[in-house]
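Reader: Could you walk me through this one?

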Amino acid sequence: MDFADSPEHAAFRCEFRRWLDANLPPEICVDDAADQRVAPDLETLEKRIRWQKTMHAAGWVGISWPKEYGGRGATLMERVIWEEEYSAARAPVLPAAMGLNLVGPTIIAWGTDEQQQRFLAPMLRGDNVWCQLFSEPGAGSDLAGLRTRAVRDGDQWVVNGQKVWTSGAHHSDWGLLLARTDLDAPKHQGITAFLLDMKSPGIEVRPLRQINGMAHFNEVFFTDVAVPDACRLGPVNEGWRVANTMLSNERAMIGGGGRVGWRDIVTLAQRTGANDDPVLRQQLAQSFTRLQLIKWLGWRARSRKDQGLGPEASVIKLAASRRQELDGSLVLALQGAAALLYDGDALANGYWQQQFLMQWSSRIGGGTEQIQRNVIGERVLGLPSEPRPGKDTPFRELPS
């Protein structure tokens, strides 16, 4: 069930809905399930940047940020209402979504006054697009095993290495980078975080083609890239703590789910005539239950965000991954043999096939389901930790 808005929340919802009705250009609205990214091309990116600037001028960007950092200090329910109305209007993902939801809160938590003044306001305006430079070919689930090096040279650091699966790097102006700064410390203790100008000399970005034909993820290579120490985020060798702040926000963001709601799936069932099948009707009911549970888990997590997102973010992420898996299979089952069609030959131009194919990026991103189960088992249920034989070994002594 859904709860009725209080008079104050109803007024907030009405205000935002009316503003969207009056200002959202129809030509930038999205209906493609795959279009959950910064932008598929530069022309679209420019349109969405202009849209973010319009929203920012009206005070509708970063509403949950504290007022002293340019936000509205919105309450939990105001943020929920914002998301519901924005999604219902089919408005596009904001270009600075990565910055607003992940990097910005991390800079608020760890940045110096100078860094906050330099980066937060442009982030809200949409002046800069951000990416997250974490995963590497040999450091995905075991992120602390990353090998990109940053070596201090006076008042700057010189970075060499490679990142992979970097969302939107080909459109990004800045990135939050994790790099190894101490080979003699254990792997979790020798990492430092940096705010990296993606236009710096020595950076090469190579888009990766995905299963659905799009190129959203990238490989990023660093060759003698100079990073000023003023762009170091947090203390030297404390980057793992910075990373956990960002990862918690990422898991909560991914756990917030996509644009496709239960009623969309029911409409598909009605259109295909599958709503009369008793087995599929049970699966539709289960889909509704999953969606409601994720919604309430998200509310609970955000209600304590002032204390910092904790392991409950992993609970939300795991629940959302499970929903994407089961609903991805359900929307194909509702189509029967027609589910084998694709693109223009398929129902809704392959919209539902895209839902199935795109589940993997969200299920793996922000930490795999196995990693989330480890976090929940150890930090929520208090179960014994997984064996970590190299946890206290200097990084240079670990096998590569």
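Reader: What do the buried residues of H5 pack against?
Author: They pack against helix H2 (42–57), helix H4 (97–110), strand E1 (130–133), strand E4 (174–180), strand E5 (191–197) and strand E8 (232–233), where contact means heavy atoms within 4.5 Å; helices (H or I, at least four residues) and strands (E, at least two) are DSSP runs numbered from the N terminus. This is a predicted model, in which local features need pLDDT of at least 70 and side-chain atom pairs count only at pLDDT 80 or more, while totals for chains, interfaces and linings use all residues. Residues are numbered from 1 along each chain as its sequence is written, and side-chain values use heavy atoms, with hydrogens and water left out.

Reader: Which residues of H5 are buried?
Author: Those are Gln-115, Gln-116, Phe-119, Leu-120, Pro-122, Met-123 and Leu-124, buried being under 20% relative accessible area, exposed over 50% and partly exposed in between (1.4 Å probe, protein chains only).

Reader: And what comes just after H5?
Author: Gly-126, which takes a positive phi of about 85°.

Reader: Switching to Lys-163, is that residue buried or exposed?
Author: Lys-163 counts as buried because its relative accessibility is 0%, and its place is in strand E3 (residues 156–163).

Reader: Which side chain does Lys-163 join in a polar contact?
Author: That of Glu-136, at 2.9 Å; a polar contact is a pair of N or O atoms within 3.5 Å, and within protein one must be able to donate a hydrogen and the other to accept it, with residues adjacent in sequence counting only if both atoms are side-chain atoms. A polar atom of the Lys-163 side chain also lies 3.0 Å from the backbone oxygen of Phe-134.
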